[in-house]
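Hello,

Here is the structure we spoke about, handed over with notes. Please read the notes next to the coordinates.

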Amino acid sequence: MKPPRIFVQIASYRDPECAPTVADLYAKAAHPERVSIGLVWQARPEDGEPMRADQPHADQVRIFHVAAQHSRGACWARHLAQNLWQGEDYFLQVDSHMRFEPDWDRHLVEQWQATADPRALISSYPAAYEPPDTLHPCITRMVAKGFNHDGVLSFNSKILTGVESAPPLPGAFISAGFLFGPAAALREVPYDPLLYFVGEEVSMAVRLWTHGWNPYSPNRVILYHWYRKSEPRPLHWRDHPDWSADNRRAVRRIRHLLGAEPCNAPDVLRDLERYGLGAARSLTAYQEFSGVDFVAQSLSPRALNGPFERPPVAEQI
């Protein structure tokens with residue numbers, strides 16, 4: 001039997017690490033011939049290209065070029081990247097500054113199978129790396145951090161030990177920089193292009209869960225992320241002085257979606273029926289399971305620490 005096909009979606013904004021990321025992804029794959037990339041390349045002419053036409057596997061990389069000045073932010077670009085999917089079995093969403101463990105594609109499929117859950121999604125904040133290839137391996141799961149000044153929930157990593165022989169742990173949160181699962185999730189829960197950046201993870205976590213998808217943390221290191229604590233790079237909000245208006249609209253949209261602050265502004269609610277909650281499980285059930293109260297902006301110990309039991313069965317899928 002052939003290995004499954006994996007679609008890797010990447011949104012890159014003027015990122016010099018994107019080309020090394022693509023090269024490492026293919027170099028470390030167990031079955032690179034079964035891996036395709038959908039890449040939204042938002043750049044200026046001086047930023048170069050993420051891949052040369054003569055590089056190995058270049059014909060498996062679908063690049064959508066966007067002039068940097070026309071970019072509308074991370075979520076908009078992730079939405080475009082999803083549209084480059086062409087029927088692959090699984091999807092992996094990552095950032096454009098990543099490194100990979102050997103055989104990462106095989107390990108991800110094995111992780112998914114180990115959940116024994118056909119609606120499983122593997123996600124966490126990745127371990128860290130520093131360019132070019134200094135890796136800091138650790139296994140993490142996501143926990144709640146707190147609500148920011150706009151009332152939007154953010155997340156932290158919790159390092160796990162002694163979990164390598166156990167099945168992946170169920171949870172309630174997802175990372176936008178490491179999300180893996182069946183491609184059916186792309187069709188059922190498309191990325192909301194009207195979000196900006198802040199709040200994309202909590203919005204997507206609740207939408208996926210209410211559509212009947214279940215997050216799990218991996219029980220081994222699979223990939224790495226550059227968190228750039230010391231070295232600057234071009235960022236969308238530094239290049240686009242009008243970004244704050246898009247961000248304010250997105251925050252209102254998220255708070256309306258999660259029941260924290262109802263809104264009737266047409267620009268905030270546009271296309272929300274397509275990018276809204278699912279009918280498989282309720283928002284109330286999500287808050288009970290996750291330990292998060294979006295109205296009171298409170299977090300229970302289970303939100304802050306985990307672990308979580310397996311989620312309740314979805315009623316409608």
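Buried means under 20% relative accessible area, exposed over 50% and partly exposed in between, with a 1.4 Å probe and protein chains only. Y90 and F180 are both buried.

On provenance, this is a predicted model, in which local features need pLDDT of at least 70 and side-chain atom pairs count only at pLDDT 80 or more, while totals for chains, interfaces and linings use all residues. Residues are numbered from 1 along each chain as its sequence is written, and side-chain values use heavy atoms, with hydrogens and water left out.

Aromatic pairs

The structure holds nine aromatic pairs (Phe, Tyr and Trp rings, the six-membered one for Trp, with centres within 6.5 Å; planes under 30 degrees apart are stacked, over 60 edge-to-face, the rest tilted). The rings of Y90 and F180 are stacked, because their centres are 5.2 Å apart and their planes at 10°. This pair links distant parts of the chain, with Y90 in strand β4 (residues 90–94) and F180 in strand β12 (residues 178–182), 90 residues apart. Helices (H or I, at least four residues) and strands (E, at least two) are DSSP runs, numbered from the N terminus.

Y286 and F294 have ring centres 6.4 Å apart and planes at 5°, so they too are stacked. Y286 is buried at a relative accessible area of 0%, and F294 is buried at 3%.

Charges over rings

The charged end of R281 sits over the ring of W209, 4.0 Å from its centre (NZ of Lys or CZ of Arg within 6 Å of the ring centre and within 35 degrees of the ring normal). R119 lies over the face of W213, 3.9 Å from the ring centre.

Helix α5

In α5, 11 of its 11 residues are buried, W209 among them. Just after α5, G212 takes a positive phi of about 95°.

Largest pocket

The largest pocket holds about 1400 Å³ of space. A pocket here is an open set of points on a 1 Å grid over the protein atoms alone, where a 1.4 Å probe fits, with protein on both sides within 12 Å along at least five of seven lines; lining residues have an atom within 4 Å of a point. Points are joined across faces, edges and corners, and the volume is the space filled by probe spheres set on them. The lining has 49 residues, with D95, H97, F197, H225 and Y227 nearest the centre. β10 gives the most, five residues.

Regards
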